[in-house]
Amino acid sequence: MSVLVITGTGTEVGKTVVVAAVAALAAADGRRVAVLKPAQTGIPAGAPGDLAEVVRLAGPVTTRELRRYPEPLAPATAARRAGMPTVRPQDVATAAVELASSHDLVLVEGAGGLLVRFDDAGTTIADAAWALNAPVLVVAHAGLGTLNTTALTAEALLRRGLESVGVVVGRWPGEPDLACRTNLVDLPEAAGAPLLGALPDGAGLLGRDEFLAVAREGLSPWFGGAFDPEEFAAPHLC
């Protein structure tokens, strides 16, 4: 795997923190890592965005942002309102391939959910993943409602012929309720793919060394971590 697309089941699921965690583990393992953000919205020019947060948490990985729009909207809407060019899937694929030529791992972070529009033609991060023939990692909420949004995301991936490597809970609460706890069992079925991690809510507030330790504990050996879904779920299902 040289390119991995990371998408969410919606907004505020902890996607950027998961990207940073995957990047941190790969970098700690000596791999050359690049993170590509096709569209950053809701951040004015010159202000630190998601990629700055990834670097703060993961260390000096290579980053590239293709477009930035000031309003916190879907990229297509934000581009139209700002009178700025949209992002095309071929732009994302070209940038990812360029980065892959000099890096061991390229992480492509989508904006919001899988089917958030990049342009008025309706293209999405899913089209970029298809152009790259890249697998997709899904970041999901922990609580009530996540089974539906995760299943819808999985169905959209399947219909487009895209491989879902698994699902990660991006913001595991300190005091999980009944829905959160039982979702640990049901999420893999909804995703049609294994549970590959759960990062604690607030992980993005940590310093770099502590964040690396949390990433190692919270992500699967597939990423270089130590997360075991059965061991993680066991104390929550008593």
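The model is predicted, with local features needing pLDDT of at least 70, side-chain atom pairs counting only at pLDDT 80 or more, and totals for chains, interfaces and linings using all residues. Residues are numbered from 1 along each chain as its sequence is written, and side-chain values use heavy atoms, leaving out hydrogens and water.

Let's begin with helix α1, residues 15-28; helices here are DSSP runs (H or I, at least four residues) numbered from the N terminus. Its 14 residues reach 20 Å from first C-alpha to last, close to the 20 Å expected at 1.5 Å a residue (1.5 Å times one less than the number of residues). Of these 14 residues, 12 are buried, meaning under 20% relative accessible area with a 1.4 Å probe, protein chains only. Among them are Lys15, Thr16 and Val17. After α1 comes glycine 30, with a positive phi near 90°.

Now look at α1 beside helix α2 (residues 50-58): their axes, which come within 9 Å, cross at roughly 40°. Axes are lines fitted to C-alpha atoms over the stretch in contact, and angles run from 0 to 180 degrees between N-to-C directions. Thr16, Val19, Ala20, Ala23 and Ala24 of α1 meet Asp50, Glu53, Val54, Leu57 and Ala58 of α2, where contact means heavy atoms within 4.5 Å.

Further along, helix α6 (residues 146-159) and helix α7 (residues 178-191) have axes that come within 8 Å and cross at roughly 20°. That makes α6 roughly parallel to α7 (angles under 35 degrees). On the α6 side, the contact includes Thr146 and Leu147, and on the α7 side, Asn183 and Asp186.

Key:
Helix = DSSP H or I, 4+ residues; strand = E, 2+ residues; numbered from the N terminus. Parallel < 35°, antiparallel > 145°, perpendicular 65-115°, else oblique. Buried < 20%, exposed > 50% of the residue type's maximum accessible area, 1.4 Å probe, protein only.
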